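Good morning, and thank you for making time for this presentation. Please bring up the model so that we can go through it together.

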Amino acid sequence: MRIITREASILVLLALICVTLTHARDYAVRRKADAYTVDIAINRNPPVTGKNEIRIEIKDPSGKYIAGVPVSVNYYMPPMPGMPPMNYTVNASPSGDGYSATMDLIMAGPWNIIIKTVVAGKQLKVATPIDVR
């Protein structure tokens, strides 16, 4: 009886671990640019070397999604002695209520992401640091 109970406990524990891993959350951050809200989500948490999908949603002060504006994603690693600069920019494409792009993070360590757009003739810019593993 004890062996069956122990085996059942192990199976339940393994099932919980699998469910937790399949529902892992994205890396997400919210920033303000003037009265606008910019939500940034990366499909890996923590971000990893290689391709990472970034999603951006921009909302006006009333909470309405901003669509049809150019959005660029600049991601770079701060300068380090003996290393060439790593600085990349990609344009985000419309996707659902926001925008998406793929970042190819070529090395582990600290990176900075800068999201730039122009809304109603006003340039908006938000930044967030990430630690790539």
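**Charged pairs, the sheet and an aromatic cluster**

Asp131 is partly exposed, with a relative accessible area of 42%. On this scale, buried means under 20% relative accessible area, exposed means over 50%, and partly exposed lies in between, with a 1.4 Å probe and protein chains only.

Before I continue, a word on the source. This is a predicted model, in which local features need pLDDT of at least 70 and side-chain atom pairs count only at pLDDT 80 or more, while totals for chains, interfaces and linings use all residues. Residues are numbered from 1 along each chain as its sequence is written, and side-chain values use heavy atoms, with hydrogens and water left out.

The side chain of Asp131 meets that of Arg133 in a salt bridge, at 3.9 Å from N to O. The term requires a side-chain nitrogen of Lys or Arg within 4 Å of a carboxyl oxygen of Asp or Glu. Arg133 is exposed, with a relative accessible area of 58%.

How many salt bridges does the structure hold? There are five. Another of them joins the side chains of Arg55 and Asp26, at 2.1 Å from N to O. This pair links distant parts of the chain, 29 residues apart: Arg55 is in strand β3 (residues 50-59), and Asp26 is in the loop between α1 (2-22) and β1. Helices (H or I, at least four residues) and strands (E, at least two) are DSSP runs, numbered from the N terminus. Both partners are partly exposed, Arg55 at 33% relative accessibility and Asp26 at 30%.

A further salt bridge is formed by the side chains of Asp34 and Lys122, at 3.1 Å from N to O. Asp34 lies in the loop between β1 and β2 and Lys122 in strand β8 (residues 122-132), so the pair ties together parts that are 88 residues apart in sequence. Lys122 is partly exposed, at 42% relative accessibility.

Asp34 brings us to the strands around it. β1 and β2 form a hairpin with two residues between them, and Asp34 in the turn has a positive phi of about 55 degrees. Seven bridges join β1 (residues 27-33) to β2 (residues 36-42), and the two run antiparallel; two strands count as paired if DSSP finds at least two bridges between them.

Finally, the aromatic residues. The structure holds three aromatic pairs, counted when ring centres of Phe, Tyr and Trp (its six-membered ring) lie within 6.5 Å; planes under 30 degrees apart are stacked, over 60 edge-to-face, and the rest tilted. One of these pairs, Tyr75 with Trp111, is tilted, with 6.0 Å centre to centre and 40 degrees between the planes. Tyr75 in strand β4 (residues 71-77) and Trp111 in strand β7 are 36 residues apart. Together with Tyr88, they form one aromatic cluster.
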